[in-house]
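Open the model in your viewer and keep the selection tool at hand. The stops below go one element at a time.

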Amino acid sequence: MTTWRDQVIGELAPLGLQATFVDAFGNERSVSDATLARLRDQLGDAPRPAPATVPLVGWPDWGHSELVGELVCENGEVWQLDGWLPPEVPYGYHRLTGPLAANRLIVVAPRTFGEPERGFGIAAQLYAARSHTSWGIGDFADLAWLARRTAAAGGRAVLVSPMHAARPSRHQNPSPYAPASRQFLNLLHIAVAEIPDAGLADLSDLADEGEALNECDRINRDAAFALKIAALERIWAAVGGEPGPEFEAFVAEQGAALHRFAVWSALSEHHEGAWWDWPEGYRRPDTAEVARFAAAHADRVRFWAWCQWVADRQLARACAQGADVVLDLAVGFDAGGADGWVYQDLVASGFEIGCPSDHGNPGGQRWGVAPFDPARLAAAEYAPFVAMVRAGLRHAGALRIDHVMGLWRLFWVPLGGGADDGVYVRYHGDALLGILRLEAHRAGAWVVGEDMGTLEERALQVMADAGTLSYRVSTRTHPDEFPERAMVACETHDQPTIGGLLDGSDLRTCQLIGKRVDPDAQAVLRRRIAAVAGLDPDGLDGSGRLEVEQAVTAMYAELSASRSRLAMATLDDLAGVRVRPNIPGTIDEHPNWRIPLPLPIHDLFERVLARRVLATLAADRPPRPECDDEQWAA
C-alpha cells in the first residue's frame, strides 16, 4: 500500500529531492514529514521540463542519443548531428532543432579546466586589509597593492573574500557571503581617490572622516558606505551625469542586467526591506510601475550604473597587477535583494541554504541565503548561473567556488526551522560544471572548489577528472595527505587561526558566546601545532607573540613542503592574530566579518613574521622568472 510519504517522495524525486543521506558521522538520515510537506508546497507546481528539452552539456567528440538534428552554433556554423558532436565543433552555447525538441540549448565545453603552475599566494579578507589611505575598509586600491606585493614576492595568486554587491542602505550587511547580487560589485570597496574625475569635487572633509575610520577596532560599514556614497554623489554632480564614452560603452555592454540592478538600487533607496515588502507595483522588475519609476528617476538609475562602472574599472586594474586574483563565489544570495527580485520565479522562497551537523559544527548551520529551485533553473537554461559565473570571471584570474558540492546538491533548511529539519535537494551538477568549464576557458581562468563538509565521492571524482583544484587546510588534514591538484592553507575564514588555537583563546571565546565546539578536537590541533613548532604542548595557555610567530612559521614551512599546487598564507596568520574572521552560527554574539587586521597592510608586509613566511614559501615554490625584486631573494 502506497503511503502519503511514499507518494510525495515519488512526486518530488524528479524535481531534486534526496529523501535520505548519510551525514558526517556515518548516520543515515531521512527527510521529516513536516519538511516533506513544505517541499511539496514549494516544488509541487515547479515546471517539469521534458527530459528532451533540458540543456545538454558535452564536449567535442561526445555522443548522446538525443543529439539528433540541426545544430546552429554561436558563430553561425551549422552541423547535422546523428547522435554525436563532431571533434571540430566549436565551444559555445548552441541550438539544436530535431525530432525530439526545437531550439534546445547544447553547451559544448572543454573536458577539463586549465590549471595554475605550482606556487604560493596570499589569502585576504579584503574588508579587513586596510591601508593608510583606506576609508575604514579594505578597497580595490588595497587589492591592487596586495596583488603587486604578492607578485613581487614571487607569489602567483591572491584569494579574496567575496566582493558581491550589497544593498545600498544605511545599514550594511557585514557578511560578504549573503549578498544582494552575485552579478555586481560591492561599492564599499571603491577607492574614492582613484575614481575618474575625483579631482573635480572637493572631497577633503569626507576623506578626513574616511581615513579616521581606520583607527576604529571594528569595520564600520555603515559609516564607510555613507561617506563613499556622498563622495560618489559629489563626483557625479561635478561631471553633470555625463562621465564619458567609456561609461556609455559599459552600459551598452552590460545591457538589461545592469539596468535592472540600477533600478533595484534606486527603488531600495525609496523602500526599506525586502522587495516583497515594497508596494505591490514594485515587487516585480517587469511592471509598468517599475518602468515609470525608472523613467522618473533616470538620473539616479544612471548614477547607480555609473557606480558599478567605477567599481568594475578598479577591479580590472587590481586584476592586472601580476598575481592572479581569485574571487570567492558565494553559494547563495539574500532572497530579498536584487537577485531575489530579478529571479524570484526561480527561487525556493520557503527555504535557506545550510549544512547538517558535522565535526566542525555539531549543531549544523543556517546561512540565510536562498537556493534556486533546480527544476526551474534547468527550465531557464541555467541563465542565472551563467550570468553569475561570467560576472565573476570578467576580470579575475580564477574563481573559488564556495561549497562546491552545491553544484550537485544543497542542504535546504525550512525558514524558521533548525538544521536538523533540513533536506538535500539535487541539481544538474554535471551540466553546471560544464558551463563553469566553458566560462573559465573563455576567460583563461582556473577554478578551485571548496570541497569540505559532507561530500559525495562521485562528485569529487568528476571534479578531479575535470581539473578542479580541491581546497584543503592543514588544521584538518596533514599536508602529507593533500592531493597534488589543490589550493591549500592552514585554515579558512571559518576556522580558528594558528594563534587562536595555540593559546586556547578561540575555544574560550566560543564557550563564552555559547558556540558548540569540540574541546577535545581543538586540544588535538593545539598539540599538533606545538609538535610542528617544537613547543611544549602543556604550556601553551600563556602563549605570547614569540610562541605564536614560531608556530606560524613552522606550520607554513610544513604547508609549503606539500605537493599541492598552491599554498596560501592568510593575512591573519601573517599578522599573528588570534581572533578568526567568522564563527559560524553566531550573528549577534561575535563581530563576524567586522574585525580588521591589527595594522595597515603596508606595515604588515614589513614585519619579520610576514617576510619570514613569504621567504619560506618562495624558497619551496620558486617565483616566476620575471620576478626580480631583490628584497624577496633572501
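Select helix H3, residues 140-152. In this predicted model, 12 of the 13 residues of H3 are buried, so the helix is largely enclosed by the rest of the structure. Show the side chains of Phe140, Ala141, Asp142, Leu143, Ala144, Trp145, Leu146, Ala147, Arg149, Thr150, Ala151 and Ala152: these are the buried ones. From its first C-alpha to its last, H3 reaches 18 Å, close to the 18 Å expected at 1.5 Å a residue.

Stay on H3 and look at its two ends. After the helix comes Gly154, with a positive phi near 95°.

Next, select helix H5 (residues 221-238) together with helix H8 (residues 298-318). How do their axes cross? They come within 11 Å and cross at roughly 115°; H5 and H8 are therefore roughly perpendicular to each other. The crossing is right-handed. To see the contact, display Ile229, Leu232, Glu233, Ile235 and Trp236 on the H5 side, and Asp299, Arg300, Arg302, Phe303, Trp304, Trp306 and Cys307 on the H8 side.

Two loop residues follow. Select Tyr382, in the loop between helix H10 (374-379) and helix H11 (383-392). Its phi is near 60°, a positive value in a residue other than glycine. Is Tyr382 buried or exposed? Tyr382 is buried, with a relative accessible area of 1%.

Then move to His403, in the loop between strand S16 (398-401) and strand S17 (409-414). His403 is not a glycine either, yet has a positive phi of about 50°. With a relative accessible area of 10%, His403 is buried; the cut-off for that term is under 20%.

The last stop is helix H17, residues 545-560. H17 has 16 residues and spans 22 Å between its first and last C-alpha, close to the 22 Å expected at 1.5 Å a residue. Colour its buried residues: Val548, Glu549, Ala551, Val552, Thr553, Ala554, Met555, Tyr556, Glu558, Leu559 and Ser560.

Which elements do the buried residues of H17 pack against?

- strands S21 (486-489) and S22 (566-570)
- helices H14 (498-502) and H16 (519-533)
- helices H18 (571-574) and H20 (608-620)

How values were computed: Residues are numbered from 1 along each chain as its sequence is written. This is a predicted model: local features need pLDDT of at least 70, side-chain atom pairs count only at pLDDT 80 or more; totals for chains, interfaces and linings use all residues. Side-chain values use heavy atoms; hydrogens and water are left out. Helices (H or I, at least four residues) and strands (E, at least two) are DSSP runs, numbered from the N terminus. The expected span of a helix is 1.5 Å times one less than its number of residues. Buried means under 20% relative accessible area, exposed over 50%, partly exposed in between (1.4 Å probe, protein chains only). Axes are lines fitted to C-alpha atoms, for helices over the stretch in contact, and angles run from 0 to 180 degrees between N-to-C directions. Angles under 35 degrees count as roughly parallel, over 145 as roughly antiparallel, 65 to 115 as roughly perpendicular and the rest as oblique. A crossing is left-handed if the near helix is turned anticlockwise from the far one by less than a right angle, and right-handed if clockwise. Contact means heavy atoms within 4.5 Å.
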